[in-house]
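Here is a brief report on a structure with more than one part to look at.

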Amino acid sequence: MSTTLTLEGIEKRYGATRAVAGVDLAVAPGELVALLGPSGCGKTTTLRMVAGFVEPTAGRVLMDGADITRLPPHRRNAGMVFQSYALFPHLSVAENIAFGLKRRGVPRAEIADRVRRMVALLRLEGLEARLPRQLSGGQQQRVAVGRALVINPAVLLLDEPFSNLDALLRESTRIEMRRLQSSLGLTTLFVTHDQAEAMAISDRIAVMHQGRIEQIGTPRAIYDRPATRFVAGFIGRANIFDALREPGVTLAPAEEGGAAWLLRPERIALDAAPAEGANAAAGTVEVVSFLGTGTHASLRLPSGRLPEGPAQWTDQFKPGAPATARWDAAALVPLRAA
Amino acid sequence: MTSLRNGLGWLLWTLSALGFAYILGPLAVIVASSFGDTGYIAFPPEGFSLRWYQAALTDPRYVGGFFISLRLASTVALLSLVIGTLAAVALTRLDFPGRALLEALFLSPLILPTLVLAVALTLFFASTPLLPGGTPRLIAGHLLVGVPLVLRVMLPVLRRVDRSVEEAAQNLGASPIKAFLLVTLPALRPGLFAAAALAFIFSFDEVEMALFVGSAREAPLTVVLYGAAQMQFDPTVVAASSLLIMLAGLLMLLQQVFSRR
């Protein structure tokens, strides 16, 4: 029952600007793929083309192989959760959830039954008669999710669905969302600008930049082996070196090639011994911050650069003390320029 | 600090009171003198009597004029509401070249004195057989102001409505028209009532166009009053005017009640 969602060379031009500049993407049945990127990267426009609110300038959208590119939104079986939730303000919780079923001509008794089950699934019992403005943010979000799920959509589209929740609620809600999505086996496209959110719940992440997918892969692959400078910088904390040699630092990577090199802070170890040879850099400890899970030290190198420092379990380094950073050759990841 | 704020508060309160007195004073004079017992208009009223109301309500010219006005204003309100709302939807939802210019053009009749419009319409209709004379032409004239009034109210209301709510309805299977009817229209309801009330009150109270363009056989209440005020300025005119004022007040009250819900 799960659906494949395929985007083939999707493009959207507004006059001379290309909001989306050729996106190819295949979402497998039951898979959750995140479109991750900064604002203006084209992720929302891509999602809206799948929903049918934006007509692509070029390319095709396919659901289970059927071309839906020119189908109006109400003829596509896609459930969408909007960033603002977009609940119907004059309808009760139950009526909001029933809306899609009524449009589909589902018999009244079945509507009542399915709404009841959705209300129970999302723990909205007792709130059925409330209007949206009488609900908390978290409850509104659950109504928006329920309204999209109750129609048994072929694909689920999530447009920054957690961004209006406070930090604590956001984490529990995204786990809940992921649990629902995988138990229902729903093919899902999820737009977010929050890399931690994308990493936490996605099967794969498509990092978008300037209207294109810059890299697509599992969260681990994207984090450990970012392909480009942009991806490396956008996801996680990163030290990026443009040359193999700069004052006080010589890089000796295990792999050849690359226009730049990535070194993740947690791959760096600090010690007090003098630096000798490659993959080591002597400098001065500048700031030491205790983060609870570790102590974070940043090191000023002779070049003046202040790289993202390692998290250490010791408090042995004081600001101003000399220290040497070391890393494995394998910790250096080659990056493409673009 | 407290005394300053209190002083400022008193000043503002006094200014508001003066403002309201200035606006409502003449109306109060009319309403008050309509209850007088003298055969001429006096303020403050001398004695108390409802006989001028009785006279106004039994005079076929006033009663006939009232129903003509009621029909006229209802027609104008309804047509203005439909045309104005659809225009507002187009102006807020569609992006086309000259949109801002068109909006300014639509609203421009509001800045013209209705007398100017009335003269222009008289000249215009004199040279065209476009509409049958009398009431149809008067309705067309009133729409020139009624539609902009509706637009004035509906444009900001429509701009405030969250577009994604309509998109959500479409996403859930409603056609664009159904989505508009089921989701957007209910959100517009308080605005619609206010807009219709404004157009209604304008049309009901308008004199110049009714004098110039309307037919003598189907004279609205304002024209009857205008004539009466010139011919025999007795308290019946004041009583009929008071009834008009009270009707407008009632409409505004209803509008408040409806927009609260």
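## Domains of chain A

The centres of domain 1 of chain A and domain 2 of chain A, taken over C-alpha atoms, are separated by 39 Å. The model is predicted. By the domain assignment of chain A, domain 1 covers residues 5-233 and domain 2 covers residues 239-335. The two domains do touch: six residues of domain 1 of chain A are in contact with five residues of domain 2 of chain A. On the domain 1 side, that contact has two nonpolar, two polar and two charged residues.

## Strand β16 and its partners

Strand β16 of chain A spans residues 280-290 and pairs with strand β19 of chain A, residues 322-326. β16(A) also pairs with strand β17 of chain A, residues 295-300. The table sets out both pairings.

| Strand pair | Sense | Bridges | Residues opposite each other |
|---|---|---|---|
| β16(A) and β19(A) | antiparallel | five bridges | T284(A) and P322(A) |

What do β16(A) and β17(A) form? They form a hairpin, with four residues between the two strands. In the turn, G292(A) has a positive phi of about 90°. In a regular strand, side chains alternate between the two faces of the sheet.

## Helix crossing in chain B

Helix α3 of chain B runs over residues 60-93, and helix α6 of chain B over residues 135-160. Their axes come within 6 Å and cross at roughly 45°. α3(B) is therefore oblique to α6(B). Is the crossing of α3(B) and α6(B) left-handed or right-handed? The crossing is right-handed. The residues of the contact of α3(B) with α6(B) divide by class into 20 nonpolar, eight polar and one charged.

## Where the chains meet

How many residues does the contact take from chain A and from chain B? Chain A gives 18 residues and chain B gives 15 residues. On the side of chain A that touches chain B, two elements give two or more residues: β6 (78-81) and α2 (93-103) of chain A. α2(A) gives the most, with three residues. By class, this side of chain A has 11 nonpolar, four polar and three charged residues.

Note on methods: Residues are numbered from 1 along each chain as its sequence is written. Chains are lettered from A and ligands numbered from 1 in the order in which they are written. This is a predicted model: local features need pLDDT of at least 70, side-chain atom pairs count only at pLDDT 80 or more; totals for chains, interfaces and linings use all residues. Two residues are in contact if their C-beta atoms, placed from the backbone, lie within 7 Å. Ala, Val, Leu, Ile, Met, Phe, Trp, Tyr, Cys and Pro count as nonpolar, Asp, Glu, Lys and Arg as charged, and the others, Gly among them, as polar. Two strands pair if DSSP finds at least two bridges between them. Axes are lines fitted to C-alpha atoms, for helices over the stretch in contact, and angles run from 0 to 180 degrees between N-to-C directions. Angles under 35 degrees count as roughly parallel, over 145 as roughly antiparallel, 65 to 115 as roughly perpendicular and the rest as oblique. A crossing is left-handed if the near helix is turned anticlockwise from the far one by less than a right angle, and right-handed if clockwise. Domain bounds come from an automatic or database domain assignment.
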